[in-house]
Amino acid sequence: MQFHQHGYVSGDPRVKAAEGTGIGRPAELPDEMDVLIVGSGPAGMITAAALGAFPFINTRIVERRGGRLEIGQADGIQARSVETFQAFGFAERIITEAYRITATVFWKPDPADHTRIARAARAPDDTTGISEFPHLIVNQARVLDYFAEVMANSPARIRPDYGWELRTLKIEDHGDFPVAVTLVGTHGAQTGLERVVRAKYVVGADGAHSAVRESIGAKHSSIHANHAWGVMDVLAVTDFPDIRAKCAIQSGDGGNILLIPREGGSLFRMYVDLGEVPEDGSHTVRSTSIETIIAKANKILHPYTLDVRSVAWTSVYEVGHRLTDRFDDVPLELLGTRLPRVFITGDACHTHSAKAGQGMNVSMQDGFNLAWKIAHVLAGRSPASLLATYSAERQVIAKNLIDFDLEWSKLMAMRPEDMADATELEDFYVRTFEFPAGFMTQYQPSMITAPATHQELATGFPLGKRFKSAPVVRVADANPVQLGHHHRADGRWRIYAFADEPAIGEQSALSEWAHWLSHNPESPLLKYTPPEGDSDAVFDVKLITQQDFEGVELGQVPEVFMPRTGPFGLIDYELVYATDPSRDIFEARGISRSGAVVVVRPDQYVANVLPLSDTAGLAAFFAPIMLAHG
């Protein structure tokens, strides 16, 4: 973490100095704002947290509840989400309080007696080292708390405006704030109060029954599996030996259970199979009592018993998958003819079964994808055409994940004897683990993701996939660090320059590239960085050498990698990295010894791979994305 650049900081460095709209932020909702976010679930809160880094954008987030969420339904945090938490600065803290999943244990009918269950297999959660971060279980409410802290400590000082519900939304074709929203008070003194506010952009993060989605006329298609599950978070005494492990349990005749241990050492969640839902039987199934769910769980667990002492939360749901045809207000037939003003995220545009742990995780990536694009447009960095990429990218990803989730849900509900192979469930889990872990997302070529023309220069950084971190050594202090952990959710692009073989200071492809970036008027650094801002305000440029840290003299490093920033013009020493001798990043990520440039989007996805010699290609890539400063 870097601080002191603007003077000595004696307090919590996570609390940024208030700027712009964060100075004297009014408690009351204003009549006009740049961005109105509706809903304070995971998608809404990550969007607000990301926009908090832009204090001159007036962002407000409204929530119909009267206060913070206390009990969340979602609890699975995939490794990709933990990577994202690192960008917001709270990964280490949430890991400490969470339960960590390292494997899934599969229980099946005992071959000698099908009335009993027996342990059949144990599958490691990640056999390939796809991420240095773990798979976690933690209450959704705590995730929201962390994002709320980031928002409140951001320069914009954003806090949710509780007790407001969206009633109507109308997009007008004139004015600086063309989206008119009618809100109604739901709590306290404002109950029943109706008021109209106006915004430049609206983000609907208001759940599966989204009023924002209905307002823009997006079509919501559903696939129901006609299978019901009872869910309970409980404190219990049991002789089941794997009660503190994630388990997929298939009984001979009693149905199935997905067991998820919870944080805190005692609590656990069970998804208990309630069987097929008869036609017109939804109401009856949804009224299933907790006593019935517990009895069903005991039947499935035989010969083990479950003595429930306390129920923290319970619900009954039918497996359902829903997907909206578009994630913004532009009808499909009008694509390319106008630009969006309203967006939907999370459950408002896609829902999954709870058992694959996709809902909250995918929703947060929606918000992370969208926030930097809105910020770029409102800050004057990018043309409004950038906003059309949100729906184009995220709708496809949601469709792919729903297809996966349909298969997983079907397998979880099957009886062992109906499966083609006795190990079908665990084989599917191992074979497809990248999907639920959040790492199969790959954006297709677009204005912000280049085609894989030079992919061979960095095969470990596939175009359109998230930037996979690797260990390096910081030259200034010889500290071993993870390269990707310095990618913060600050709206900046990352440009990683992987050096060619000559030593730093010698004439090389890297030295020529660095000189071009510092001095050529076509350089993105010069063309798109506002003259009044720091030289790293828009682009965070890093150097990774092939030599170890003892082979790099900082005095020989090109100035572009050691910018002077802040009011005192202090040198940033945290942009120059050397190869870690224990694991050479060039080998680990398939980077050419002739060097490479890897461009990474503000949401951590690889946007381009280029040779150091192709400065024209780098300039051409950013030309349609960025706006030159005035």
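# Briefing on a predicted 630-residue protein model

Glutamine 395 sits in helix α9, which covers residues 388–413; helices (H or I, at least four residues) and strands (E, at least two) are DSSP runs, numbered from the N terminus. This is a predicted model, in which local features need pLDDT of at least 70, side-chain atom pairs count only at pLDDT 80 or more, and totals for chains, interfaces and linings use all residues. Residues are numbered from 1 along each chain as its sequence is written, and side-chain values use heavy atoms, with hydrogens and water left out.

**Glutamine 395**

- Glutamine 395 is buried, at a relative accessible area of 19%; buried means under 20% relative accessible area, exposed over 50%, and partly exposed in between (1.4 Å probe, protein chains only).
- Not counting residues up to four places away in sequence, glutamine 395 touches Leu323, Thr324, Asp325, Arg326 and Phe327, where contact means heavy atoms within 4.5 Å.
- One of these, threonine 324, is 71 residues from glutamine 395 in sequence, and the two C-alpha atoms are 7.8 Å apart in space.

**Overall build**

- The protein contains 15 helices and 27 strands.
- For 630 residues, a compact globule would have a radius of gyration near 25 Å, and the value of 26 Å for the protein agrees with that. The radius is taken over C-alpha atoms, and the globule rule is 2.2 Å times the number of residues to the power 0.38.
- The C-alpha trace spans about 75 × 60 × 50 Å along its principal axes.
- Of the 630 residues, 57% count as buried.
- Among contacts with a separation of 6 or more, 73% are between residues 24 or more positions apart.

**Surface and charge**

- The accessible surface comes to about 25,100 Å², and carbon and sulfur atoms account for 52% of it. Accessible areas come from the Shrake-Rupley method with a 1.4 Å probe, and for residues only the protein chains shown count as cover.
- There are 58 positive and 79 negative side chains, and the centres of the two sets lie 4 Å apart.
- In that count Lys and Arg are positive and Asp and Glu negative, while His and the chain ends are not counted. The place of a charge is taken as NZ of Lys, CZ of Arg, CG of Asp or CD of Glu.

**Cysteines**

- A search of the whole structure finds 0 disulfides, a disulfide being a pair of cysteine sulfur atoms within 2.5 Å.
- Cysteine 247 is buried, with a relative accessible area of 0%.
- Cysteine 349 also counts as buried, at 0% relative accessibility.

**Backbone geometry**

- Most residues other than glycine have a negative phi, and most peptide bonds are trans.
- The peptide bond from histidine 302 to proline 303 is cis, with omega near 20°. Proline 303 is in the loop between α7 (290–301) and β16 (306–324).
- Arginine 157, a residue other than glycine, has a positive phi near 55°. It lies in the loop between α4 (140–153) and β8 (161–162) and is buried, with a relative accessible area of 17%.
- Alanine 478 is not a glycine either, yet its phi is positive at about 60°. Its place is the loop between β19 (471–474) and β20 (479–482), and at 31% relative accessibility it counts as partly exposed.

- Helix α2 (residues 79–88) has 10 of its 10 residues buried, so it is largely enclosed by the rest of the structure.
- Glycine 484 lies in the loop between β20 and β21 (493–498) and is buried, with a relative accessible area of 12%.
- Leaving aside neighbours within four places in sequence, glycine 484 is in contact with Phe467 and Ser469.

**Leucine 183**

- Leucine 183 is in strand β10 (residues 179–185) and counts as buried, at 0% relative accessibility.
- Its contacts, leaving aside neighbours within four places in sequence, include Leu29, Val62, Trp164, Leu166, Leu193 and Val197.
- Leucine 183 and histidine 485 are 302 residues apart in sequence and 40 Å apart in space, C-alpha to C-alpha.
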